[in-house]
Amino acid sequence: MGIRSFFAKPLAARVVKKYRLSQEQAFERQDYWLKQMVAKAEKTLFGRGHSFAKIKNYLDYRSNVPIFEYEDIKPYIDEAVAGKEDILWPGKPAYFAKTSGTTSGVKYIPISSESMPFHIIAARDALLHYVHYSGNASFLDRKLIFLSGSPEMSETNGVPTGRLSGIVNHHVPGYLRGNQMPSYKTNCIEDWEQKLEAIVQETISKRMGLISGIPPWVQMYFDRLEELSGQKIGDLFPDFQVFVTGGVNFEPYREKLMASIGREIDVVETYPASEGFIAFQDSSGEPGLLLNVDGGIFFEFVPTDTYFGANPVRLSLTEVSLGVNYALLLTTNAGLWSYSIGDTVKFVSLNPYRIVVTGRIKHFISAFGEHVIAEEVEKALAAGLAACPEARVVEFTVAPQVAPASGLPYHEWLVEFSSPPASLEAFQQAVDASMCAQNIYYRDLITGSILQPLVLTSLPSGAFISYMKSQGKLGGQNKVPRLSNDRALAEGVLRT
């Protein structure tokens, strides 16, 4: 047993105890964070403009602060980007996390000196929860790889600016530095394909214990390793024990990744965002991710059926229910206020508070009023794979076809298989049956002959990688949207 794994177990026990207490006191911790952040930002431009000095409780806060999407808060962020102080949070941000939005172009998300530690602490504590419930800490004595964006940063009027994963790279605890891969030099390569090749060459002969990254880009890494070595990943890396993932629902990727590994390994799911570390998997035996109620974030939840209305319903943690689809709002100790990050979640447990991510509030199909969401299409895909267990899916997306050349409109599923089903028709029928069972509006459109059953288009190998490359979004934290309410993404994929 190495020194890291030796000390990890008692530390894990203390961390788990701390989180259990914070869950028992979830309302008090959320109230603390809201009041603390409002008081801290009272004299900022935003705080003065929204009467923070008069806010005494959540009802006051909700009355004074509307819901903000990025375009709404952008005038304040532009001031901070211009180098002005005390705009959203006292002083200047410690960093800007630079992201590419689908509607707003480049986004600059502020990270403060107060918020930065919580990104690191939550990531650490996700692994320590795994150590506690599994009893396994030996992976910490092996090499650890984090497939992330470049840690190189630019400067925006004195504020270091880069991708969140690159910023976090600068804060990896010293006790893990000696095990961390890839090298700093390799991690700074901007071109994903060149970077991938360098990572493969650096790691192919190492004793990897943990691999972390977004599933489609990890799959590219695995494919290249397998091509060069002629071995399954689990044989090439016999000490590989833990896969850490985040950013997307892991289930659509699970089967193919495990097939590449050649054996089942433990998976730790996380829910990080540039705006804050929202949740992580705290137990292998329970569904959902533990909400980070004591991590510098105050959470609000908007039932999705009210989100686009004139008066969206806003709920604190004290008011949520199981099984309701909510748009997620964050108030953070980096100066974001009732900020809609665009994700939707459902609670699967209220004791403790565990959530599942169900999709994106603006990623849906409702060309005919059906309002299909990501959770539904991911479950439907799973039904197709259950009906055709020989099939393996690399990636997929769904878009409406409103005006086909002939026949009724339909939903088009663009699917890239690494191993196709023996019968595409059987796969398609299983997926469509699942969609009808889950979404009564979709079913009624089918039975009412408004829509025909979905049409599945099988894409050639590498289609999604080619598309993402054409968009300058290959690798890193980039993800393929599951759903679009128009044909732009679908036509882009079909053209590549």
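Predicted model: local features only at pLDDT ≥ 70, side-chain atom pairs only at ≥ 80, totals over all residues.
**Strand pairing and one buried histidine**

In strand β5, Pro160 is the residue that stands opposite Glu155. Numbering starts from 1 along each chain as its sequence is written, and side-chain values use heavy atoms, with hydrogens and water left out.

Strands β4 (residues 154-156) and β5 (residues 159-162) run antiparallel and share 3 bridges; two strands pair if DSSP finds at least two bridges between them. Strands (E, at least two residues) and helices (H or I, at least four) are DSSP runs, numbered from the N terminus. There are 2 residues between β4 and β5, and Asn157 takes a positive phi near 50 degrees in this hairpin.

Further along sits an open sheet of 3 strands, ordered β16-β17-β18, and its pairing is mixed. Its edges are β16 (392-401) and β18 (455-459), each pairing on one side only. On average, neighbouring strands are turned by 25 degrees against each other, direction ignored (axes are lines fitted to C-alpha atoms, for helices over the stretch in contact, and angles run from 0 to 180 degrees between N-to-C directions). Strand β17 (residues 410-419) pairs with β18 in the parallel sense over 5 bridges, and Trp413 faces Leu456 of β18 there.

Then there is His363, in the loop between β15 (353-360) and α15 (374-387). His363 counts as buried because its relative accessibility is 19%, where buried means under 20% relative accessible area, exposed over 50%, and partly exposed in between (1.4 Å probe, protein chains only). The C-alpha atoms of His363 and Leu483 are 5.3 Å apart, with the two residues 120 apart along the chain.
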